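Reader: I'm new to this one. Can you walk me through it?

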Amino acid sequence: MDISFKGRKAVVTGGSRGIGRAIALALARNGADVAICARGGDALRSAEVELRELGGTIFAMACDVGDGPALTRFIEAAAGALGGIDILVNNASGVGLSDDEEGWLASINIDLLATVRASRAAVPFMERAGGGSIVNIASISGLMAVARALPYAAVKAAIVNYTKGQALALAARRIRVNAIAPGSIEFPGGVWDQRKHSNPELYRATLGKIPWGRFGGPEEIASVALFLAGDMSSWVTGQTIVVDGGQMLS
């Protein structure tokens, strides 16, 4: 079955690399107009160039999603550039792994509060469009105990619960809210790509726990995001879909 997002307006936070970039490209490839943000630099410019090659309206803006007013400005600017918002993908992550103030603040401010703030800013535009879809990126870490990443896991668990509450609160406005819980995803410059060199023992141990026999790729998360954002999931809301090659089974 063909998936078409022609005429849809999609916003992806943290859209310059990894999972966010893959989702933005998949949406644009299937006809959506797409806005992305990231903190800036070559990765944002590179992603913007790739998206423009696919056609449609593209908007890219440097934004620290941990800065509430800046994030609101990005959402409003994206809506202006695209002519509205139908889809919001809350993907940005602070990857707060250390059990200290810095790790907790990174996870709470970027993973959790940026999701709340971006949703709050985007919902009025979705209402004007007659409804929409929000996809939050959680993690399998939020569904189990992870001693080596306490803040990251706890905040991703909060995202799973927030997704359910959002879905209930927004259903009457015809806005669906779902989440994806990726397993261990490897891409150039990502956490597991770094661990391959900085902590090969952990890298091998994690790989050994994935029944599918390999790390996942960003494009595999993007495929599920397309399903959740589009009409094929029109009666799916409040759900968290695990995409992990069986990693949680082990």
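Predicted model: local features only at pLDDT ≥ 70, side-chain atom pairs only at ≥ 80, totals over all residues.

Reader: Sheet first. In what order do the strands come?

Author: The order is β3-β2-β1-β4-β5-β6-β7. That is seven strands in an open sheet, with parallel pairing.

Reader: Which strands sit at the edges?

Author: β3 and β7. Each of them pairs on one side only. From one strand to the next, the twist averages 15°.

Reader: How many bridges join β1 to β4?

Author: Three, and the two strands run parallel. Take A10 as an example: its bridge partner in β4 is I87.

Reader: What does α1 touch on the sheet?

Author: α1 packs against β1, β2, β4, β5 and β6. Its direction makes about 170° with that of β1.

Reader: New topic. Which residues touch the most other members in the largest nonpolar core?

Author: I23, L27, V34, I36 and I180 do. That core has 35 residues. Several elements supply at least two residues each, among them β1, α1, β2 and α8. α1 gives the most, with eight residues.

Reader: What is I23 in contact with, beyond its neighbours within four places in sequence?

Author: V12, V89, I137, A222 and A225. There is also a second, separate core of 29 residues. C37, L82, A121 and F125 are included in that one.

Reader: Back to A225. Where is it?

Author: A225 is in helix α8.

Reader: Is A225 buried or exposed?

Author: Buried, because its relative accessibility is 4%, and the cut-off for buried is under 20%.

Reader: And which residues does A225 contact, leaving aside those within four places in sequence?

Author: I23, V135 and I180. As for E127, it is 98 residues from A225 in sequence. In space the two are 21 Å apart, C-alpha to C-alpha.

Reader: Last one, α5. How many residues does it have?

Author: α5 has 21, running over residues 150–170. It reaches 30 Å from its first C-alpha to its last. That is close to the 30 Å expected at 1.5 Å a residue.

Reader: Which residues of α5 are buried?

Author: They include P151, Y152, A153, V155 and K156. Further along, I159, V160, T163, Q166, A167 and L170 are buried too.

Reader: What covers the buried residues of α5?

Author: The cover includes helix α4 and the strands β5, β6 and β7.

Notes: Residues numbered from 1 in each chain as written. Heavy atoms only, no water. Helix = DSSP H or I, 4+ residues; strand = E, 2+ residues; numbered from the N terminus. Expected span 1.5 Å × (residues − 1). Buried < 20%, exposed > 50% of the residue type's maximum accessible area, 1.4 Å probe, protein only. Contact = heavy atoms within 4.5 Å. Core = buried A, V, L, I, M, F, W, Y, C linked by side-chain atoms within 4.5 Å. Pairing = 2+ DSSP bridges. Axes fitted to C-alpha atoms, helices over the stretch in contact; angles between N-to-C directions.
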